[in-house]
Amino acid sequence: MTQIDNTFIKLRAQLRERDIKLWEEPYYLDGVGSIESEMDRLAGTLSGDLGISVSNCRCALTEMQDSALRKLAERKEFTETGLATFNVRCVDSKGGTAQMIEVKCSLGAPGSELQNAVAKRMGLTDPSHVKCISAGRIIDGQRTLAAQGVKNSQQLMVVVGSQVQGQELHERIQRIRADVEVIVDADHRFMQMEDQNGRQIFLPPIENRSLLMAMSMYEKGRAAIQREQFDEALLLLLEADELFSQCNSQFLEAVDNYALLNLDIVWCYLCLKNITQLPDAQRRLEICEKTFRLSYGNQFDRLYSIKGSSCPERALIMRLRLLQGVVFFHQNRRNEAYERLEEAGKALDELKASDDHISLLVEMGYDESEARLALRSCAGNVDRAIQFIQERREKISEERKTSARVSQLNQELKEGNSNRGWIDPRGVSRLIEMGYDRRLVVEALKRTKNNIDRSLDLLQNHSEELRANLPSTLAVDETLLSTLQQLGFQASSARVALETTDNDFPKAVEYLLRSFASKTELLGVIRAMTKILEEHGPSGSNRTTNSNDASPLANFSGSKLTLIERALRQAKSEMETYTAFKRFNEDLSDNNPDYLDLPLVQEEQILMEYRKLLER
């Protein structure tokens, strides 16, 4: 943000207030052009009122007049030909404007035509690498521009690097998206939703998948923000935003994740110096404040009464106030901008943690992020911060132990009730702990759609009816059990898998593969399966066996070998999931509440910058 931008903001406000139209008389005449004497007179009047030099005021007025005339010409062309004009700002990863270009395209054309036009102007060979952003949405190449709300003379933002950089960015995001889909479809084994205390959150499968997809893309976007790769971050966050829009709106209003996403998108706009998305920024900040008030209380009093006024969540509120101040400044709402920036400044001063205290805690073996959060939560007291970290670690560890048991139960319920509706594993766990039979508990919850109180009533007063309606269970097929053991699975686990899946061998294998705690266990089974197929497959040396051979491995029939081949493919696919998770997790923090850990260095710089602009 420069003083020149500040001048334009103040001038626009004055022109609107006085209803001055630079493209009309007396400042402009068709066939004559700009009336210099009137423009000079206006510059002299406004410069005194605004406290700027006459020459700077005159230059700014001339540029604003030229811009208005261009828009009139664009509107006329659109009316006559249907061809829309777009002013496109191309940004680099650090927020610089790589170039400004003008492109023309019909609003009835698909978004891919706009991508082609931008790519052609920028000398890029692959238009698919061009990501055009309009009103906070990435333009879809398959839908028409009109259907996506794009309008003539609209300013667009394009994220694209050089030929090589653009391709690398495109491929990186494609890989992230593919990895996320693989991991999310792995049924809670690699990725789970937790609250900030480590307690796992369970939702019905469809909603759970949508939300996990959205939050995973969001986490990668936040990782890019921490690397200050704001172009990549913005694209990932906007994809997450699209995924969040597919989730249950009532759930989104009950948690602050969606609020934080909107806050981070506006932060990227600011870091990319993109004021063209100002209306979208204001909309997103309103969503953020509304959600914060629902979560934390109308004046955040609920949050402060529970955690104190120095709680780490206050850093998020500080950033919200800072961004609101910036948006108000660009709208020339200077009094409101001043109030928000002052509120942000006060909070920032109170949130600062001593570098010496952070270093001391780091030397004691604590992570820098948790050290900063603890010091903020304990008003800078080192001893209390140490206690805070220890208590928090113990609480999260205990919650995760409980969640691990419930997660395993959730997997078993999914396998055993695939056609009978979703059963809440926490409800099952709670009722089992009260002493009720697991099968009766599942039946009761299924009937009551996971209502605990009504299920408890059924268990207490109608248990015989529940028992009479339980589905019959098949005895474990001992031949299949033996085969699973020969493939390297433990007998107890294999028996549970067959019981859970009613002796469905492929499903039992899938169940067992997904129950492994480590990649090493999976590799052991893959080796066992591979060895069997090598020795007993069509090309194996032992395909025709000696009748005196007592080894159980000599008894594989053709149909059983086919099952093993299928199981091996499942196991290798599972290995690909491990690889995808490792790749996905490379740049993510292990610190659970790291979204609260804002170092506040950039915030302080931006605050100083806009305070100075308001003083001028």
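**Overview. The whole chain.** Of the 616 residues in the chain, 48% are buried (buried: under 20% relative accessible area; exposed: over 50%; partly exposed: in between; 1.4 Å probe, protein chains only). This is a predicted model, in which local features need pLDDT of at least 70, side-chain atom pairs count only at pLDDT 80 or more, and totals for chains, interfaces and linings use all residues. Residues are numbered from 1 along each chain as its sequence is written, and side-chain values use heavy atoms, with hydrogens and water left out. The chain has 26 helices and nine strands (DSSP runs numbered from the N terminus: helices are H or I, at least four residues; strands are E, at least two). Take the contacts with a separation of 6 or more: 63% of them join residues 24 or more positions apart (contact: heavy atoms within 4.5 Å).

**Close-up 1. Asp-280 in helix α10.** Asp-280 sits in α10, residues 278-296. Its relative accessible area is 5%, so Asp-280 is buried. Its side chain makes a polar contact of 2.8 Å with the side chain of Arg-283. Another polar contact, of 2.7 Å, links the side chains of Asp-280 and Arg-284 (polar contact: a pair of N or O atoms within 3.5 Å; within protein, one must be able to donate a hydrogen and the other to accept it, and residues adjacent in sequence count only if both atoms are side-chain atoms). Leaving out residues up to four places away in sequence, Asp-280 touches Ala-135, Gly-136 and Tyr-269.

**Close-up 2. Helices α17 and α19.** Two packed helices are described by the angle between their axes and the distance between the axes. Here α17 (residues 425-433) and α19 (residues 452-461) have axes that come within 11 Å and cross at roughly 40° (axes: lines fitted to C-alpha atoms, for helices over the stretch in contact; angles run from 0 to 180 degrees between N-to-C directions). Therefore α17 is oblique to α19 (under 35 degrees is roughly parallel, over 145 roughly antiparallel, 65 to 115 roughly perpendicular, the rest oblique). From α17, Gly-427, Arg-430 and Leu-431 meet Ile-452, Ser-455, Leu-456 and Leu-459 of α19. The residues of this contact comprise four nonpolar, two polar and one charged (nonpolar: Ala, Val, Leu, Ile, Met, Phe, Trp, Tyr, Cys and Pro; charged: Asp, Glu, Lys and Arg; polar: the others, Gly among them).

**Close-up 3. Glu-464 in helix α20.** Glu-464 belongs to α20, residues 463-468. With a relative accessible area of 56%, Glu-464 is exposed. Glu-464 and Leu-440 are 24 residues apart along the chain, and their C-alpha atoms are separated by 9.4 Å.
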